Amino acid sequence: MRIQRVRGIPDWLGADAARLRLLEEQGIGLARQYGYQEVVLPVLEPKELFVRSIGTHTDIVGKEMYCFEDRGGEAICLRPEGTAGAVRAFLQAGLHRGGTQRWCYVGPMFRRERPQKGRLRQFTQFGCECFGLASPAADVELLALAWRYLDALGVAARVRLLLNSLGCSVCRPPYRERLVAFLEARRERLCADCQARITRNPMRVLDCKNASCQAELQSAPHMLDMLCDACRAHFAEVRAGLEALGIAYRVDPKIVRGLDYYTRTAFEFVAEGLGAQATVLAGGRYDGLVKALGGPDVPAVGFAAGLERLALLLDEAPLAAPDAVVIALGEEMLAPSLKVAEALRREGFFVVHAGGGGAKRQFREADRQGARWAVIVGEDEWKRGLVRVKDLQTGTQHELDLEEACKLLRTD
Ligand SMILES: [Zn+2]
Ligand SMILES: [Zn+2]
């Protein structure tokens, strides 16, 4: 029996791999323009980091993390998300004593969820985190960056920005109390998951995907109606900023993150046509997390995008074809042909060597590669310092030295 890949963890080959790489490069490139510096953070982290940041009562920590004890007896995890590790690194480097830090990163995350379209057990996230700015300007800038990213990928028209405010430690506790009372009164009519959430994580009930639960929640109290003055002002400024930048959004009180350290701005970019797994980019403010992980009070705001889900929205892009395929006629010409290929690459061309052997097979290879030109190295021409360049579209051939060959390849 051949060994198969782990369920829910796909291979990315050819054009799919190219698409994923494009999503990564576009993200990091754009983030740099906004002053976000790339960081490369560990895939393995202490389990305790996620227990303390995400919490044991969540699905992620409760049942989805890949954890193991290493030989030193330490509890280690494959990271299920990027923010907790970023905060750990931020504190470990002592950067909370300095000014603002803007970070971006890209890399694999791991969650043992039930695999389905757009939901994988290993997935790639592009994320941005901004530490040290409490101003709504930071929220707006981050949203602008997220929007520009989706726009640059050509998917902005199929994506909608949903915005909410989750309040703060002043206004959320009284809201939470009112929400719990509302939910308790309907406990029997909510699904089993929601019943369990009433005490553990009541705000998460609001985004239950169950239609019967949603019907019960029609008249549920909303955080937005109970914001304190400071949170209300912050939310108004975020909205004004988005409007000034011409970024369309919809206020949606059902956007919740459900963890105590999330404060004020919460947002999701939701795509049409992806079914239940529609959120392609999500984030918000998490002013309480740095402190929850043992640091001082440092405000922070961030987002993460799931690249495999975003890739589902992109059109299939053909792989780039080489400019030329180099063909060696006869064993003797193998070394010279490798030299020719190297010389062309040094001139900046994308060149594939056909591997020598039979001429027929090598020309077939040139066709399969979709190359425009074949550069043929044969003994007669080579003795005169020349190669034969064949236009694979028209069939015309020229005997040229390397300099002239480069000129011809460039005319295309
Ligand atoms: Zn508040
Ligand atoms: Zn429910």
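Arg264 counts as buried, with 26 C-beta neighbours inside 10 Å; a residue is called buried if 20 or more other C-beta atoms lie within 10 Å of its own, exposed if 12 or fewer, and partly exposed in between, with C-beta atoms placed from the backbone. Arg264 belongs to strand E9 (residues 263-271). Helices (H or I, at least four residues) and strands (E, at least two) are DSSP runs, numbered from the N terminus. Although Arg264 is not a glycine, its phi is positive, at about 50 degrees. Most residues other than glycine have a negative phi.

The model is a predicted one, in which local features need pLDDT of at least 70 and side-chain atom pairs count only at pLDDT 80 or more, while totals for chains, interfaces and linings use all residues. Residues are numbered from 1 along each chain as its sequence is written, and chains are lettered from A and ligands numbered from 1 in the order in which they are written.

The domain assignment of the chain gives domain 1 (14-171 + 227-313) and domain 2 (324-411); such bounds come from an automatic or database domain assignment. The centres of domain 1 and domain 2, taken over C-alpha atoms, are separated by 49 Å.

Helix H1 (residues 14-33) has 20 residues and spans 29 Å from its first C-alpha to its last, close to the 28 Å expected at 1.5 Å a residue. The expected span is 1.5 Å times one less than the number of residues. Which residues of H1 are buried? They are Arg19, Leu23, Gly27, Leu30 and Ala31. These residues lie on the same side of H1 because they cover an arc of only 105 degrees around the axis, the arc being that of the directions from the helix axis to the C-beta atoms. Gly14, Ala17, Glu25 and Gln33, on the other side of H1, are exposed. The buried residues of H1 pack against strands E5 (101-110), E6 (122-131) and E11 (300-306), and against helices H5 (136-152) and H12 (307-313). Just after H1, Gly35 takes a positive phi of about 85 degrees.

Helix H5 also meets helix H10 (residues 229-244): their axes come within 9 Å and cross at roughly 40 degrees. Axes are lines fitted to C-alpha atoms, for helices over the stretch in contact, and angles run from 0 to 180 degrees between N-to-C directions. The crossing of H5 and H10 is right-handed, a crossing being left-handed if the near helix is turned anticlockwise from the far one by less than a right angle, and right-handed if clockwise. Pro136, Ala137, Asp139, Val140 and Leu143 in H5 meet His234, Glu237, Val238, Gly241 and Leu242 in H10; two residues are in contact if their C-beta atoms, placed from the backbone, lie within 7 Å.

| Pair | Separation in sequence | C-alpha to C-alpha distance |
|---|---|---|
| Leu91 and Glu69 | 22 residues | 25 Å |
| Leu41 and Ala86 | 45 residues | 7.2 Å |
| Gly395 and Gly35 | 360 residues | 51 Å |

Leu91, in helix H4 (residues 83-92), is partly exposed, with 17 other C-beta atoms within 10 Å. Beyond its neighbours within four places in sequence, Leu91 contacts His96, Val290, Leu293, Gly294 and Gly295. Leu41 lies in the loop between strand E1 (37-38) and strand E2 (44-46) and is partly exposed, with 16 other C-beta atoms within 10 Å. With neighbours within four places again left aside, the contacts of Leu41 are Gly85, Ala86, Ala89 and Tyr105. Gly395, in the loop between strand E15 (387-391) and strand E16 (397-400), counts as exposed, with 7 C-beta neighbours inside 10 Å.
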